[in-house]
Structures are given as structure tokens and as C-alpha cells.
Amino acid sequence: MRLRLTQAVLLVVGVGLTGCDWHEETGFVEVKKSFATLATGDILILNSTTLDLGARSSLVVRQPTGTASIQIKHGETSRKLCEFAVRKNRVVTVSLAAANGSLRCSVQS
Amino acid sequence: MTDLFTPRRRTLSLGGAICGAFLCTAMAAISPAHAAESGTSASTSEAAPSTPLNDFRSQLGDVRKNLEGVNARIEEKAKTIESLSKPDAAKQQVEELQALISQTLGLVADNGQIARLGALALGYARSKQEQMRNDTKFTPSERQALQKRWDQNVAEMVKATDELAKASSEFTQLLKTVQTRGDYAAEVLEVENADEMVRVVRNLAGDVRGASEGLRLFIRSLTPPES
């Protein structure tokens, strides 16, 4: 009986949460690149978002506040380029440049 | 329609949860009736079929209206800032201005809804362009006419998505200006020079007005692709 009551309460709360107007705090990450193209098979990733710069030199991505990182992924291996804080209603600029055959990352918030 | 310019906040309460639960239950309960009714309403909306292109056009039109509205509010905020005399009020106004610009930037950010719709619409237009190139069903003149329309459509879509990227860049610059001036004002306040802090924030109003004028011109040039 108690188990059923708990299940019912959890169900109501669960359904209620999905019906709520949930807004998380967000900021923005501006990613700038000063290199022509990535090496074949390399993919840039911001947290879990794939960054497709294409022919563009920059893009702006909304992100939840907290710690974020940019990684470069090649096949199964990935390498973290930099880590930075995303703050509420603010822009953090991440510049990516090629140096000595690899990518370097600098952050300005 | 959702008010995209309401300040973003965490709104989670037991009342909200219960309210959501009741609403969802009610929706589930009335859905069969709603489905029956929608049979008639669907036929009335058949005049404007929902395609990725139509969705993008309509959303871009809404975004443009919203941008015009928010630009007017940014100008109002600049006016308010000019009349400030107290550091606390100045700090609050800068924070409110940051929130206002952030909500707008969220609209045109590269992972925002409109950018995603734009990418979908462009993909759709390109697939139709390809389909017409490979078509064997229509006569050569019909095929050529359709090809021409889709070529034009793709060109307009590319222009519209480029304009969105430009809007995103413009609002990013504006937000960076406001946050940097706000940071400087906070530093000045920390070294206990309240008058200087108010002066810095008032000067910010001039920067914002300049940017706002540029944005107004830009927003006018933001045109949804033709049907």
C-alpha cells in the first residue's frame, strides 16, 4: 500500500516537473578561430555540443552557467584544449589558434 | 506565443509541480475530444502547409518584430542610466541591461531555435534543388522553371542565415561592451569612488545608444526569404 502511495506521489511530482516552466541560468560562449581548417577527422566539441564553424571565423553558443570545456576529438580519442567558467548573462570569448602543429586555446571573460 | 523577453529564472515550486500535474492530466483526459475537433481545424489550416521553409519564414518574421521591440527597450534603459546618481541603482541597471541583451542574443545564437530552423530550411531547400536537377517526371521547361525557383530560394536562405549570424555577432559585441563597462564600474566602486562609478555607467549609456542605432539599421535589413 505504502509502495503504491509512494509511486503515485513520485508520478505526480514527475509529471508536475515536466509541466513546470523550468528555466536554467545561461551565458554565452563566443568561439573564434584563426586557422584555416581542422585536420581531417578532427571535431571540436564544447561540453557535449559539436561546433561546426565551417567557413565562418566565429560563432556564439548559449550554454548553461558553470564550468565548460572545449575538446578536440579524433575518432575515439579526445583532448581537452581549455576549461573556463560560463557566467549568467555574460559572454566568454574563446580564441583558437594553430601553434606548432596543434591547436591552442585562450580565454577572455 | 512564449514571451521570449521575460527574464529567465528558475521557477520551480510545489504549486507549479501540482499545477503541471493537473494540467497534464487534464490534457490527457481531453485529448480524444481534442483529436476529434482537430480533424476539422486541420482542414482549415491546409491553406498554408507546414514546411521547414514556411516555419523558418514565419519564425524569422517574429524574431525581427521581437528585435525591434527589444531595441526600443535597450534605448529606454540607456535613458534611465543617464539619469542615475546612485551607485546601487547604476549597478542594478547594468545588470538589467545585460539580462535584456542576453535574452535577445539567445534568440539569434548559433544553437538557438531560429538558427536550427534556418539550418533545417536550408537543408530542405537544397534537397529540393537536387531533386529538381535529377527530375525526369516534368517537361524540360517545367523542370527549368522549378529549378530556377529553388536556386533562388537557396540563395535567399543562405542570405537570411548569414544575416542571423551577423545579428548574433552584433549582439555579442554589445553584451561584451556592457559587461566590460559594468566590470570596470564594479572595480571603481571597490576602490570606493562612487561618483566615478556613476560617471562610468552614464558613459555606457552613450555606447549603448550608438550600438542601438546600428542595430536598428541592421534589423531593418533582416528580411525573411520570399515565398
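Predicted model: local features only at pLDDT ≥ 70, side-chain atom pairs only at ≥ 80, totals over all residues.

The contact between them draws on 27 residues from domain 1 of chain B and 31 residues from domain 2 of chain B.

## The interface between the domains

Domain 1 of chain B and domain 2 of chain B bury about 2,500 Å² between them, and 75% of this area is on carbon and sulfur atoms. On the side of domain 1 of chain B, the residues B:Lys77, B:Lys86 and B:Phe218 supply 22% of the area buried against domain 2 of chain B, which is more than any other three residues supply.

The interface of these two domains holds five residue pairs in polar contact, with both residues at pLDDT 80 or more. The side of domain 1 of chain B that touches domain 2 of chain B receives at least two residues from each of α2 (52-82) and α6 (194-221) of chain B, and α2(B) gives the largest share, with 12 residues. By residue type, that side of domain 1 divides into 14 nonpolar, seven polar and six charged residues.

Between the two domains the count is one salt bridge. B:Lys77 forms a salt bridge with B:Glu96, where the closest N and O atoms are 2.7 Å apart.

Over all chains, a search of the whole structure finds 13 salt bridges. Side chains of opposite charge can pair when their charged atoms come close. One of the salt bridges joins B:Lys176 to A:Glu30, with the closest N and O atoms 2.6 Å apart; this pair crosses between chains, from helix α5 (residues 140-190) of chain B to strand β1 (residues 26-33) of chain A. B:Lys176 has a relative accessible area of 17% and therefore counts as buried, given the cut-off of under 20%, and A:Glu30 is also buried, with a relative accessible area of 2%.

A further salt bridge is formed by the side chains of B:Asp183 and A:Arg90, at 2.6 Å from N to O, and this pair likewise crosses between chains, from helix α5 of chain B to the loop between β6 (77-86) and β7 (91-99) of chain A. Here B:Asp183 counts as partly exposed at 32% relative accessibility, whereas A:Arg90 is buried, with a relative accessible area of 9%.

## A pair within chain B

The side chains of B:Arg143 and B:Asp135 meet in a salt bridge at 3.6 Å from N to O. B:Asp135 is buried, with a relative accessible area of 12%.

Terms used. Residues numbered from 1 in each chain as written. Chains lettered and ligands numbered in written order. Heavy atoms only, no water. Contact = heavy atoms within 4.5 Å. Buried area = accessible area lost by both parts, 1.4 Å probe. Salt bridge = Lys/Arg side-chain N within 4 Å of Asp/Glu carboxyl O. Polar contact = N/O pair within 3.5 Å; in protein donor to acceptor, adjacent residues only side chain to side chain. Helix = DSSP H or I, 4+ residues; strand = E, 2+ residues; numbered from the N terminus. Nonpolar A, V, L, I, M, F, W, Y, C, P; charged D, E, K, R; others polar. Buried < 20%, exposed > 50% of the residue type's maximum accessible area, 1.4 Å probe, protein only.
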